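Thanks for coming. I have one structure to go through today, so let me put it on the screen.

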Amino acid sequence: QVQLVESGGGLVQAGGSLRLSCAASGVIFSINAMGWFRQAPGKEREFVAAISASGGSTYYADSVKGRFTISRDNAKNTVYLLMNTLKPEDTAVYYCALRRSALFVLYITGYDYWGQGTQVTVSS
């Protein structure tokens, strides 16, 4: 079955950086779009970034544009989220998600499989 496993979360000071990874198995990774979402305590899950199956197209939420970079390595079945200039408001559980389509969408219900999440905490 399809499995997505995130890693790379942790505690970092404001202004610092983290790189999240999401390894996929049980699926032909290279034909599926991927997305990153996050959920802060007491808030709804929200879109962060997405990347097409080929990696040629990406999209970011306004709140992270210019600070976060999504990328993928189809040979390693892995998608990454490089997060720079982190802010306390970036604190959340970050989830990767796979969409059974080469093209991404921005809404949660457009994704078919989800990882378990990884905690990112940014201290001020």
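I'll begin with a single residue, S21. At 14% relative accessibility, S21 counts as buried, because the cut-off for that class is under 20%. S21 lies in strand β3. Setting aside neighbours within four places in sequence, the residues in contact with S21 are V5, E6, S7, W36, T78, V79 and Y80. Please keep in mind that this is a predicted model.

Now the sheet around that strand. Four strands form an open sheet in the order β1-β3-β8-β7, and the pairing is antiparallel. Which strands stand at the edges? They are β1, residues 3–7, and β7; each has a single partner strand, so one side of each is left without a neighbour in the sheet. On average, neighbouring strands of this sheet are turned by 15° against each other, direction ignored.

Between β3 and β8, which run antiparallel, there are six bridges. If you want a place to look on the screen, take R19, which stands opposite L82 in β8.

Next, β9. Seven of the eight residues in β9 are buried, so the strand is mostly covered. What does β9 pair with? Seven bridges join β9 to β4, and these two strands run antiparallel. In that pairing, G35 stands opposite A97 of β9. Three bridges join β9 to β11, again antiparallel, and there Y94 stands opposite T118 in β11. Then there is strand β10, residues 113–114, which is antiparallel to β9 and joined to it by two bridges. The position to look at there is L98, which stands opposite Y113 in β10.

On to the core. The largest nonpolar core has 38 residues, and the members that touch the most other members are W36, L81, M83 and Y94. Which strands supply at least two residues each to this core? They are β3, β4, β5, β7, β8, β9 and β11. For orientation, β3 covers 18–25, β4 covers 33–39, β5 covers 46–51 and β11 covers 118–123.

Two of those names have come up already. W36 is among the contacts of S21, and Y94 is the residue opposite T118. M83 is worth a moment as well. Leaving aside neighbours within four places in sequence, M83 is in contact with G16, S17, L18, L20, R67, F68, Y94 and V120. R67 in that list takes us to the charged residues.

As a reminder, side chains of opposite charge can pair when their charged atoms come close. This structure holds four salt bridges.

One of them joins D90 and R67, with 2.7 Å from N to O. That pair links distant parts of the chain, 23 residues apart: D90 is in the loop between β8, residues 78–83, and β9, residues 92–99, while R67 is in the loop between β6, residues 58–60, and β7, residues 68–73. Are these two residues buried or exposed? Both D90 and R67 are buried. For D90 the relative accessible area is 1%, which is why it falls in the buried class.

Staying with D90, its contacts beyond four places in sequence are R38, R67, F68, T85, V120 and V122. A polar atom of the D90 side chain also lies 2.8 Å from the backbone nitrogen of K87. As for S7, 83 residues from D90 along the chain, the two C-alpha atoms are separated by 16 Å.

A further salt bridge joins the side chains of R38 and E46, at 2.6 Å from N to O. What is the accessibility of each partner? R38 has 6% relative accessibility and therefore counts as buried. E46 has 36%, so it counts as partly exposed. R38, E46, R67 and D90 are linked in a network of salt bridges.

There is also a salt bridge between D62 and K65, where the closest N and O atoms are 3.1 Å apart. Here D62 is exposed, at 64% relative accessibility, and K65 is partly exposed, at 48%.

In the pairing, β8 is joined to β3, and β9 is joined to β4. That's what I have; I'll take questions.

Definitions and conventions: Residues numbered from 1 in each chain as written. Predicted model: local features only at pLDDT ≥ 70, side-chain atom pairs only at ≥ 80, totals over all residues. Heavy atoms only, no water. Buried < 20%, exposed > 50% of the residue type's maximum accessible area, 1.4 Å probe, protein only. Core = buried A, V, L, I, M, F, W, Y, C linked by side-chain atoms within 4.5 Å. Contact = heavy atoms within 4.5 Å. Pairing = 2+ DSSP bridges. Axes fitted to C-alpha atoms, helices over the stretch in contact; angles between N-to-C directions. Polar contact = N/O pair within 3.5 Å; in protein donor to acceptor, adjacent residues only side chain to side chain.
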